[in-house]
Amino acid sequence: MFAAGRGEFSTLCVAAPMDTRPLIAVADAAGLLGGSVTRAILNDPRQRYRVRALLRNARSQEAIALALRGAEIAEVELDDSNSVLQGIRGALGFFAVTDFWQHGSPERELSQARAMSTAAHLADVEHVIWSTQEDSRRWLALSDPRMPTLLQRYKVPSFDAKGEADAFFAASGVPVTLLRTGFVWEQLIALGMGPRRAGDDTLRLALPLGDAPIPSIALADVGACVRELFSAGTPPAVHTVGIASEILAGHEMAAAFTRALGESVIYESVPFATWRSSGLPGAETVANMFQFVHDFERIYAANRPVDATRRLFPELQSFDAWLLSHRAQIPSI
């Protein structure tokens, strides 16, 4: 049945009642990354796991759709460790994730990460996979003039709190994989970053990437990699894994768009300062994120080895293949 109230655990499930497969709990199961993990487990050809989707609203359309596909549904507040605890009880594994873009608050990400790590410890989960990023402040002091400081104490707000929260999971005593993903191609859709028609009638891919290649991956492959990491077994203490399927420069992405669209697409490198002042939603954070990846490209790429990712999940998509299946969703004028 549906949960009776916020923080109280209940499930809606259409799976067989005697299903004894190991259970994976997934935070923010209707979000970008959480949704990809939930779908990957449900779509697993080997059907190795049950999945419990942790959602803020167990009565939402997303919850009903997941339940009809066989997921258990738990109504959970990620800021509340007791609520998370009730949601993950009995789970072998837990995919923990926060979404900066839902609220724009690094402090809330820290609060949610603290609650999830505490709950994982109390529930004695065997394996947590925490979706994280580098804390850019390890390389860039707040006083560093190369990049403006945002929200008083961050260089890259969408990265830094996640990296800071690694310590919560490391201290929890639960075996944890710190998962660093590359740039997810679906963000081209979500952030409206597809090719645009310029005044001279040419198609231009305008991105704040400079000339540095960026590790990247399809969203569905993130979910599949997480599923395979759970299948690989419990890691020893704290284990860090980075994933990417290709490392692409802006001009290489433009060439792929040219192949997909059948029309020449020109890459246009937008200066970071120009992007910051563009007035686009989250422009300062996005520009700082891309500048960090650009300025520390060797470190960022080394942390996301393509060969190791392919060994983990050999069916990784190429950018060309992803474009073919997502062409209609990418904004282009």
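Here's a quick rundown of the aromatic pairs and salt bridges in this structure. It's a predicted model, so local features need pLDDT of at least 70 and side-chain atom pairs count only at pLDDT 80 or more, while totals for chains, interfaces and linings use all residues. Residues are numbered from 1 along each chain as its sequence is written, and side-chain values use heavy atoms, with hydrogens and water left out.

**Aromatic pairs**

- There are twelve aromatic pairs here; rings of Phe, Tyr and Trp (its six-membered ring) pair if their centres lie within 6.5 Å, with planes under 30 degrees apart called stacked, over 60 edge-to-face and the rest tilted.
- Phe 100 and Trp 101 make an edge-to-face pair, 5.0 Å centre to centre with 85° between the planes.
- Phe 100 is buried at 4% relative accessibility, whereas Trp 101 is partly exposed at 40% (buried means under 20% relative accessible area, exposed over 50%, partly exposed in between, using a 1.4 Å probe and protein chains only).
- Trp 139 and Phe 296 form a tilted pair, at 6.3 Å centre to centre and 45° between the planes.
- That pair links distant parts of the chain, 157 residues apart: Trp 139 is in the loop between strand S5 (127–132) and helix H6 (157–171), and Phe 296 is in the loop between helix H11 (283–295) and helix H12 (297–302). Helices (H or I, at least four residues) and strands (E, at least two) are DSSP runs, numbered from the N terminus.
- Ring pairs join Trp 139, Phe 159, Phe 292, Phe 296 and Tyr 300 into a cluster.

**A charge over a ring**

- The charged end of Arg 304 sits over the ring of Tyr 300, 3.5 Å from its centre (the rule: NZ of Lys or CZ of Arg within 6 Å of the ring centre and within 35 degrees of the ring normal).

**Salt bridges**

- The count is 22 salt bridges, each a side-chain nitrogen of Lys or Arg within 4 Å of a carboxyl oxygen of Asp or Glu.
- Arg 48 and Glu 228 meet at 2.7 Å, N to O. Arg 48 is in the loop between helix H1 (32–42) and strand S2 (50–55) and Glu 228 is in helix H8 (residues 219–231), so the bridge ties together parts 180 residues apart in sequence.
- Glu 134 bridges to Arg 304, with the closest N and O atoms 2.8 Å apart, and these two residues are 170 residues apart. Both Glu 134 and Arg 304 are buried.
- Salt bridges with shared partners join Glu 107, Asp 135, Arg 137, Arg 153, Asp 160 and Glu 164 into one network.
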